[in-house]
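Dear colleague,

I am handing over the structure below, and my notes on what was found in it follow directly after.

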Amino acid sequence: MREDIRAALVRAGVDVDGALERFMNNEGLLERFLKKFPADPNYGALKEALARGDADAAFRAAHTLKGVAANLSMATLQQRVSEQVERLRAGDLEGAARLMPGIDESYGQIAEALKGWD
């Protein structure tokens, strides 16, 4: 992995070493999965569901995004989305929506770091 991309991912809250462990130190495999991350539809689906006030769809999208972030060791994003999942599970749609700025920030930092491979 290029050092500039690795450093940007670390700054974005990604545990690159943990991700490499999860991928059995196969850097190429990890890179392939990281490159696919921006195409994952769950972030967009989450934003749309919250805008519509659809708590069930928001929960499904947030829960799936949390899993994707966990599998890729995106620690900061995972923690923020995990909190949102719990709010949605409790039926607190407004509270979940208030967490979006932090999620947007984390997602944006990761997406920006991944642009280095373009």
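Predicted model: local features only at pLDDT ≥ 70, side-chain atom pairs only at ≥ 80, totals over all residues.

Helix H3, which spans residues 27-36, has Leu30, Glu31 and Leu34 as buried residues. Because the buried residues of H3 fall within an arc of 100 degrees when seen down the helix axis, they line one face of the helix. On the other side of H3, Arg32 and Lys36 are exposed. The cover over the buried residues of H3 includes helix H1 (3-11), helix H2 (16-22) and helix H8 (100-114). At the start of H3, the backbone nitrogen of Gly28 has a side-chain oxygen of Asn26 within 3.3 Å.

The largest nonpolar core holds 38 residues, and the members that touch the most others in it are Leu9, Leu34, Phe37, Met74 and Leu77. At least two residues of this core come from each of H1, H2, H3, helix H4 (42-52), helix H5 (55-71), helix H6 (75-89) and H8. As for Met74, if residues up to four places away in sequence are not counted, the residues that it touches are Gly13, Val14, Leu34, Phe37, Ala69 and Ile110; Leu34, as noted above, is also one of the buried residues of H3.

With best regards

How values were computed. Residues numbered from 1 in each chain as written. Heavy atoms only, no water. Buried < 20%, exposed > 50% of the residue type's maximum accessible area, 1.4 Å probe, protein only. Helix = DSSP H or I, 4+ residues; strand = E, 2+ residues; numbered from the N terminus. Arc of directions from axis to C-beta. Contact = heavy atoms within 4.5 Å. Polar contact = N/O pair within 3.5 Å; in protein donor to acceptor, adjacent residues only side chain to side chain. Core = buried A, V, L, I, M, F, W, Y, C linked by side-chain atoms within 4.5 Å.
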